[in-house]
Amino acid sequence: MLRRSLPLLAALSGLGGCAERAALPATPRGGSEALDEASSDHGQGHARAPVAADVVERAAAPFIGQRTEGGELLPSDQLLDVLSRADLVCVGEEHDDPSSHFAELVVLTGLWERSPMNGREVGLGLEMVARPEQPLLDSFARRELDEKHFLEESRWAERWGWDFAYYRPQLQLALRNNIPLIALNSPRPLTRRIARGGLSALTRDELKTLPELDLADAEHRAWFDESTRAHPHGDPDHMYAAQVVWDETMAESAVRWLGGKLPGRQLVIFAGTGHCRDEAIPKRVRRRSPAQVVSVRALRGMDEKSARETSAGFDFVMRFQAKSE
């Protein structure tokens, strides 16, 4: 296999000491964004404390893969080999968990390394960027916009809010190696209005821009209701509609990029854990496409049984070692 990995990935062989500095947050975020849309005037763009510039690198630690179904353990290289056979890999992140973002870097690097052998073009799909901002993302990818101006013109701080340091190494990898960047999401003003007033709050023209929506998935609705039970803001039906619009828009965007070029293309998606659960983006991609879709999330310091229980709805877990392991 052609080896083109970042020096950072040498961490997989033993940087447990760095992991301690990037401990899991007490209240991780990732996937119930409709709650933010319903309860905040600025969606997710409210102020957050900055993080260290090398926050992702500090989270480097060895890991082992695990299938959620059956609990089979997979060495790190074997997990990446398995993921590389899929057409779409949804990497679920807790937005403020550095381990999640290091996992994103590992998966993107691993699939890019394997792309010459697979004969595939690897693309990177981003929940963090709405579809109307694709031209800005293209200009950033072509180096016509530097990072500072991309963040300013895309209004990253307002429209997304999580520190760009969480994503910088992944996007630098993509830019250095001409990995296409795909804006996946629905515009924030649209989903904010849906979360507050439901689909009836949209104009007829706005309704025409929405993808096909499945609002009747009982399993997905049960997960959503449970995940938002402790934070009762607004009408639950309206918030759920906004969540589904996010998932369906990202699924539609992913299928558009994969297009009729399967198996010549492979897409890695970075999105919140709630969006990468099977009944969210993966199931909605499969409704539109014959693509093989898998999902993976990062956990640290859990035993096999706890990891499986925590990751219901995911195909794989990346179990990062704590320093004591």
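**Sheet and helix packing**

Strand E3 (residues 88–93) pairs with strand E7 (residues 293–300) in the parallel sense over five bridges, where pairing requires that DSSP finds at least two bridges between two strands. This is a predicted model, in which local features need pLDDT of at least 70 and side-chain atom pairs count only at pLDDT 80 or more, while totals for chains, interfaces and linings use all residues. Residues are numbered from 1 along each chain as its sequence is written, and side-chain values use heavy atoms, with hydrogens and water left out.

*The sheet*

- Within the pairing of E3 with E7, Val89 stands opposite Val294 in E7.
- Eight strands, in the order E2-E1-E8-E7-E3-E6-E4-E5, form an open sheet whose pairing is mixed.
- Strand E2 (73–74) and strand E5 (181–185) are the edge strands, each pairing on one side only.

*Helix H13*

- H13 lies across E3, strand E4 (121–130), E5 and strand E6 (265–272), and runs at about 150° to E5.
- The axes of helix H12 (residues 218–228) and helix H13 (residues 236–258) come within 11 Å and cross at roughly 120°, which means that H12 is oblique to H13 (angles under 35 degrees count as roughly parallel, over 145 as roughly antiparallel, 65 to 115 as roughly perpendicular and the rest as oblique).
- In H12, His220, Arg221, Trp223 and Phe224 meet Pro236, Asp237, Met239, Tyr240, Gln243, Val244 and Asp247 in H13, contact being heavy atoms within 4.5 Å.
- The residues of this contact of H12 with H13 divide into six nonpolar, two polar and three charged.

Terms used. Axes are lines fitted to C-alpha atoms, for helices over the stretch in contact, and angles run from 0 to 180 degrees between N-to-C directions. Helices (H or I, at least four residues) and strands (E, at least two) are DSSP runs, numbered from the N terminus. Ala, Val, Leu, Ile, Met, Phe, Trp, Tyr, Cys and Pro count as nonpolar, Asp, Glu, Lys and Arg as charged, and the others, Gly among them, as polar.
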